[in-house]
Amino acid sequence: SHGNKEVFSCRGILLAVQWFWDRGHKDITVFVPSWRKEQPRPDVLITDQHILRDLEKKKIVVFTPSRRVGGKRVVCYDDRFIVRLAHESDGVVVSNDTYRDLQNERPEWKKFIEERLLMYSFVNDK
């Protein structure tokens, strides 16, 4: 949302990570589809890609798997990675996704998502 739904803003990820880091949260994981490492296309813009590589080196960004089959990109369902890790580590999910489908998938995830989902808004760089 930092890119106003026009571009994928890696700077927005860095700002969010820094916000939590400044408040003493050191165990931070950001899941990003691995295709975001690829050269951006005109219809799928991405800014400041180097930030993703820097955060990956610091073991903050984890790229979820994707591959090409017959010229088409096949991606994994990364929401499951997010909710599973947060549940197993007693963490918090920072997202504007409500994960409705996953709430119905596992009863223990329903309560977790209801209580541990932190939605957000960006106002410029805040």
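## Two domains

Domain bounds here come from an automatic or database domain assignment, and they divide the protein into domain 1 (1–75) and domain 2 (77–125). This is a predicted model, in which local features need pLDDT of at least 70 and side-chain atom pairs count only at pLDDT 80 or more, while totals for chains, interfaces and linings use all residues. Residues are numbered from 1 along each chain as its sequence is written, and side-chain values use heavy atoms, with hydrogens and water left out.

## Where the domains meet

Let's start at the interface. Twelve residues of domain 1 are in contact (heavy atoms within 4.5 Å) with eleven residues of domain 2. About 970 Å² is buried between the two domains, with carbon and sulfur atoms giving 68%; buried area is the accessible area (1.4 Å probe) that two parts lose on being put together, summed over both. On the domain 1 side, Ser1, His2 and Phe31 lose the most area to domain 2, together 45% of what that side buries.

## The largest pocket

Now for the open space. A pocket is an open set of points on a 1 Å grid over the protein atoms alone, where a 1.4 Å probe fits, with protein on both sides within 12 Å along at least five of seven lines; lining residues have an atom within 4 Å of a point. The largest pocket is lined by 49 residues, and Ala16, Val30, Val94, Ser95 and Tyr120 lie nearest its centre. Because domain 1 and domain 2 both give residues to this lining, the largest pocket lies between them.
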